[in-house]
Amino acid sequence: MLARMAIGSFVSVGRSLSDAMARVALAEDLGYDAAYVTHIAGRDSLTLLAAYAAATARIGLGTCVVPIYTRTPATMAMTAATLHEQSGGRLRLGLGVSHRGVVEAWHGQTIDKPVAEMREYVAILRAILAGEPPPAGEKWHTSFALSGIGPYPDLPIYVAALSPAMLRLAGEVADGAMLWLCNPEYIRAVVVPELHAGRERAGKTMDGFEVVAAVPSAVVEDPGTAFASMRRDLLTYFGLPFYRAMLERSGFGEDIAAYDEAAARGDGEAMQAAISERFLRALCAIGSPEEVRAGVARYDEAGANAPCVGPIARTDFEGTLRAAAPAPG
């Protein structure tokens, strides 16, 4: 078993909501600290957490992450307050900027100044939840106040971050940071120092601040099968500017270049092959139960004090959850 750490899990829904609810109940039984859900184009993550709250009693419940441009701060405050109350105070509200293809093409909004806009959004949201007048903003304007419920000044807000500037902001204004595709070396060299800088800027320490890192994990006899699944699932991310910049800073510029060359030829197989085994081994926890546990522990050792076991398509996620379960105590 792993030494006791605040290890979480990603339990998003595939085809079956009932199966997902059974998985989150299993994660709670196994002692996981939290269950997070992704927010893409399927089931609404906050609504899904209401179902998870009804199926569990202890486990923390979080979004990873809701794009801030898809809900006004007033709407987000109402939804978060309701879910926080329903779950008995277990909500961890993960917010992110997302990407222009999502924000503009799907929702008809614009990303103009992502770091400044995240700062503004969090400030307005915190004020509403605390029962205080929201500050004036440039992107969002509201005089909204919760009525008949709250206040919720301690509802935890986490910010998804990749770049140094967003990481510093997360350290300054949030209760935690959320990471995806950030391997342990990037966490050690970039994430932790920038978060520290943000905390210092706000006159705060890292005490109580969670660094939530998604760790794609699978107990498998043949790692190649899990690597193949990951390559298919990561194709979209290798085409997104925010992730590309982070991956290049992480030392995987050759992967990006090979991906671009293959994309220019329209060669889908070569695009997948461009995602190197070196990158996948750095990112994932794949192999025997012992190798999975060691892979998750690498994140904790690098400074991600809340690593989260995430599923890899076409592998036994329930078995992986059992293998990587935190030690009692």
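The side chains of Asp44 and Arg71 form a salt bridge, with N and O 2.7 Å apart; the term covers a side-chain nitrogen of Lys or Arg within 4 Å of a carboxyl oxygen of Asp or Glu. Because Asp44 sits in the loop between β2 (34-37) and α2 (45-55) and Arg71 in the loop between β4 and α3 (73-86), the pair ties together parts that are 27 residues apart in sequence. Helices (H or I, at least four residues) and strands (E, at least two) are DSSP runs, numbered from the N terminus. Asp44 is partly exposed at 26% relative accessible area, while Arg71 is buried at 16%. Buried means under 20% relative accessible area, exposed over 50%, and partly exposed in between (1.4 Å probe, protein chains only).

This is a predicted model, in which local features need pLDDT of at least 70 and side-chain atom pairs count only at pLDDT 80 or more, whereas totals for chains, interfaces and linings use all residues. Residues are numbered from 1 along each chain as its sequence is written, and side-chain values use heavy atoms, with hydrogens and water left out.

The structure holds 15 salt bridges, including those in the table.

| Pair | Closest N to O |
|---|---|
| Arg201 and Glu172 | 2.9 Å |
| Arg188 and Glu185 | 3.1 Å |

Arg201 pairs with Glu172 in a salt bridge. This pair links distant parts of the chain, with Arg201 in helix α7 and Glu172 in helix α6 (residues 164-173), 29 residues apart. Arg201 is partly exposed at 48% relative accessibility, and Glu172 is buried at 16%. Arg188 and Glu185 are 3 residues apart in helix α7, so about one helical turn separates them. Both are partly exposed, Arg188 at 40% and Glu185 at 46%.

The cysteines form 0 disulfides, a disulfide being a pair of cysteine sulfur atoms within 2.5 Å. For Cys64, the closest cysteine sulfur is that of Cys308, at 7.6 Å, which is too far for a bond. Cys64 is buried at 16% relative accessibility. The peptide bond from Cys64 to Val65 is cis, with omega near -5 degrees, and Val65 lies in the loop between β3 (60-63) and β4 (66-67).

Another cis peptide bond joins Gly150 and Pro151, with omega about 5 degrees.

Leu181, a residue other than glycine, has a positive phi near 70 degrees. Leu181 is buried at 1% relative accessibility. Arg314 also has a positive phi, about 65 degrees, but is exposed at 61%.
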